[in-house]
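User: Could you walk me through a few of the labels used for this structure?
Analyst: Happy to; let's take them one at a time.

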Amino acid sequence: MIKNSAFINKLIFIFFAVILLLMILGGRFFTNIEEDTYVSEEEDRIVVGVSQLGSESGWRTANTESVQNAFTQQNGYFLIFNNARQKQENQIKAIRSFISQRVDYIVFAPVVETGWETVLQEAREADIPVILMDRKVNVRNDGLYVTCVGSDFVEEGERAGRWLEEDLARRGMDERNVNIVVLKGTQGSSSQIGRTIGFSVVAAKHDNWNILEQEYADFTSAKGKEVMESFLRKHPDIDVVVSHNDDMTFGAIEAIRASGRTVGIGGEITIISFDAVRGALEMVADGTINVDIECNPNQGEYLSRVIEMLEAGEKVEKQYYVEENVFTMENVTEELLEERNY
């Protein structure tokens with residue numbers, strides 16, 4: 001009886017051992033099938049590596065969302081996304097990672113214009129097309145990248161200058177001395193360089209425009225407030241603030257109001273801003289910001305079109321500019337604010 005019981009227990013043990021072995025083998029079998037299917041699906045998609053320079057502003061967040069919405073699985077893409085957190089070394093590392101992963105395209109928004117020759121040459125040798133987003137690079141050989149999708153920053157700066165010309169003339173102040181301070185964006189960035197050049201081109205035509213000081217404020221509200229506080233201590237007679245983006249403008253307005261001075265339409269200091277994010281446009285609508293020069297972050301669709309053209313073997317231009325506008329109280333409507341996605 002004892003022998004039979006031991007034999008039965010042994011059979012039960014063997015039975016469950018076999019079942020367990022089959023489950024393990026079956027699991028491996030199905031896992032391999034799923035992995036093979038996944039790889040196969042990936043091979044049918046266009047793999048795009050995107051290095052975003054950071055998340056320093058509301059504009060940048062909208063720009064990121066536009067890219068992520070364009071490069072979706074449903075649209076035939078597989079997106080590898082990296083946030084460089086405002087550091088060039090992080091972007092270079094990300095681009096090298098994209099090269100090692102053999103992506104089909106590399107898209108990146110350069111933190112600054114210089115210092116890209118080596119890594120872009122590496123991408124070229126790997127035969128991976130590079131597309132610039134939002135900003136440009138300064139390289140000896142522009143064949144290191146295929147095209148650039150973004151804004152005409154010099155034109156944006158000129159638009160700000162032309163608006164100020166018209167506003168001063170409208171108020172009968174075009175012959176008066178005008179004291180101006182400029183909050184510049186990240187040093188060496190395309191937007192900072194372009195907007196500075198564009199506004200300076202117009203300002204150079206007016207001997208009565210005195211640019212008292214220009215200072216980098218890194219496109220952030222905190223730095224904008226800090227720099228504006230410094231301007232106000234040194235220059236009690238400021239008439240106009242030119243701020244290279246809305247986030248810096250928010251900080252600057254906070255500093256000005258804390259100093260006891262007024263801003264905007266009917267105020268002591270005229271505010272010229274760039275980007276035209278929804279929060280800033282609301283301040284344009286109520287007269288706090290006099291004018292906002294749009295910088296359109298919705299560039300994902302443009303980038304997708306460029307890649308579609310390259311996939312079809314079509315020739316692409318070296319530069320594609322997104323559509324943009326200039327906003328004042330007169331053309332900021334409720335409908336515009338409701339439709340604004342950034």
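Analyst: Helix H7 passes H8 in a right-handed crossing; that is, the near helix is turned clockwise from the far one by less than a right angle. Helices are DSSP runs (H or I, at least four residues), and strands are runs of E of at least two, numbered from the N terminus. This is a predicted model, where local features need pLDDT of at least 70 and side-chain atom pairs count only at pLDDT 80 or more, while totals for chains, interfaces and linings use all residues. Residues are numbered from 1 along each chain, and side-chain values use heavy atoms, leaving out hydrogens and water.

User: Why are H7 and H8 called oblique to each other?
Analyst: Their axes, lines fitted to C-alpha atoms over the stretch in contact, cross at roughly 40°. Angles under 35 degrees count as roughly parallel, over 145 as roughly antiparallel, 65 to 115 as roughly perpendicular and the rest as oblique, so H7 and H8 are oblique.

User: What makes Gly 251 count as buried?
Analyst: Buried means under 20% relative accessible area (1.4 Å probe, protein chains only), exposed over 50%, and partly exposed in between. Gly 251 has 0% relative accessibility, so it counts as buried. Gly 251 sits in H8.

User: Why is the pair of Phe 199 and Trp 209 called stacked?
Analyst: Rings of Phe, Tyr and Trp (its six-membered ring) pair if their centres lie within 6.5 Å; planes under 30 degrees apart count as stacked, over 60 as edge-to-face and the rest as tilted. Here the centres are 5.9 Å apart and the planes at 25°, so the pair is stacked. Phe 199 lies in helix H6 and Trp 209 in strand S7.

Notes. Axes fitted to C-alpha atoms, helices over the stretch in contact; angles between N-to-C directions.
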